[in-house]
Amino acid sequence: TELDVEARRLLKSLSNELPWDWTISLRLAEIAERQGATLEAIEQYKSILNKEMYHPDVLRRLVILLCSKGRDAEANGILSKLQQTQPRAFTSDLSKLASAVALKSQHRVRALELARESMKAASNDSKDYLWYGQMLAGMAMFQEAEDALRKAISLDPKQSSPRVTLIRLLE
């Protein structure tokens with residue numbers, strides 16, 4: 001839209017004056033995404049990381065966009081580097097995302113390690129165990145997947161997703 005074009009122009013001008021301000025890059029990335037300019041959005045999100053800002057939502061968007069462009073290895077590399085250099089920024093949700101990306105990238109050992117790590121801080125939320133069961137099933141670890149799914153069912157017997165997933169696993 002015209003407003004996005006004008007906002008982009010103003011933000012780019014402002015970024016020259018305030019190159020350290022990561023929120024400008026965030027707004028530029030959001031505009032780029034709205035306009036379907038995925039590659040530009042990726043570059044803006046990467047520039048935020050270069051400013052040493054490791055907000056989980058920024059990382060999640062960057063990884064999702066990279067994977068949408070078939071750049072799984074790059075996404076996996078960013079998450080691996082972050083886990084090593086900024087472990088405090090590596091939340092349980094990012095650990096889950098990293099596990100899924102690692103599995104998609106055929107890094108099964110890393111995927112399993114990350115999945116197990118994210119479950120160390122697992123609450124008694126059935127969704128965590130459902131996710132874990134799905135990850136384990138994706139790695140052909142069927143007995144552990146079944147155990148996780150049964151735990152999800154026991155934590156929230158009213159939820160149908162763990163039951164349906166377990167039935168599919170057992171078929």
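**Figure 1. Overall fold of the predicted model.** Of the protein's 171 residues, 41% count as buried, where buried means under 20% relative accessible area, exposed over 50% and partly exposed in between, with a 1.4 Å probe and protein chains only. This is a predicted model, in which local features need pLDDT of at least 70 and side-chain atom pairs count only at pLDDT 80 or more, whereas totals for chains, interfaces and linings use all residues. Residues are numbered from 1 along each chain as its sequence is written, and side-chain values use heavy atoms, with hydrogens and water left out. The protein has 10 helices and zero strands, these elements being DSSP runs numbered from the N terminus (H or I of at least four residues for helices, E of at least two for strands). Taken along the principal axes, the box filled by the C-alpha atoms is roughly 55 × 35 × 30 Å. Among contacts (heavy atoms within 4.5 Å) between residues at least 6 apart in sequence, 48% join residues at least 24 apart.

Figure 2. Lys-96 is found in helix α6, residues 92–104, and counts as buried because its relative accessibility is 14%. Its side chain is joined to that of Asp-128 by a polar contact of 2.4 Å; such a contact is a pair of N or O atoms within 3.5 Å, of which, within protein, one must be able to donate a hydrogen and the other to accept it, and residues adjacent in sequence count only if both atoms are side-chain atoms. Lys-96 also lies over the face of Trp-131, at 5.5 Å from the ring centre, where a charge sits over a ring if NZ of Lys or CZ of Arg is within 6 Å of the ring centre and within 35 degrees of the ring normal. Not counting residues up to four places away in sequence, Lys-96 touches Ser-118, Asp-128 and Trp-131.

**Figure 3. Lys-151 over the ring of Tyr-129.** In this view Lys-151 lies over the face of Tyr-129, at 5.7 Å from the ring centre.

**Figure 4. The buried side of helix α9.** The buried residues of α9 are Ala-145, Glu-146, Ala-148, Leu-149, Ala-152 and Ile-153. They cover an arc of only 165 degrees around the axis, and therefore lie on the same side of α9; the arc is that of the directions from the helix axis to the C-beta atoms. These buried residues pack against α8 (126–138) and α10 (161–170), while Gln-143 and Ser-154, on the other side of α9, are exposed. The 14 residues of α9 (142–155) should span 20 Å at 1.5 Å a residue, which agrees with the 20 Å between its end C-alpha atoms, the expected span being 1.5 Å times one less than the number of residues.

**Figure 5. Gly-77 in helix α5.** Gly-77 has its place in helix α5, residues 72–85, and is partly exposed, with a relative accessible area of 37%. Gly-77 and Val-101, which are 24 residues apart in sequence, are separated in space by 9.9 Å, C-alpha to C-alpha.

**Figure 6. His-107 in the loop between α6 and α7.** His-107 lies in the loop between α6 and α7 (108–120) and counts as partly exposed, at 38% relative accessibility. When residues up to four places away in sequence are not counted, His-107 touches Asn-76 and Ala-102. The C-alpha atoms of His-107 and Ser-25, which are 82 residues apart along the chain, are separated by 31 Å.
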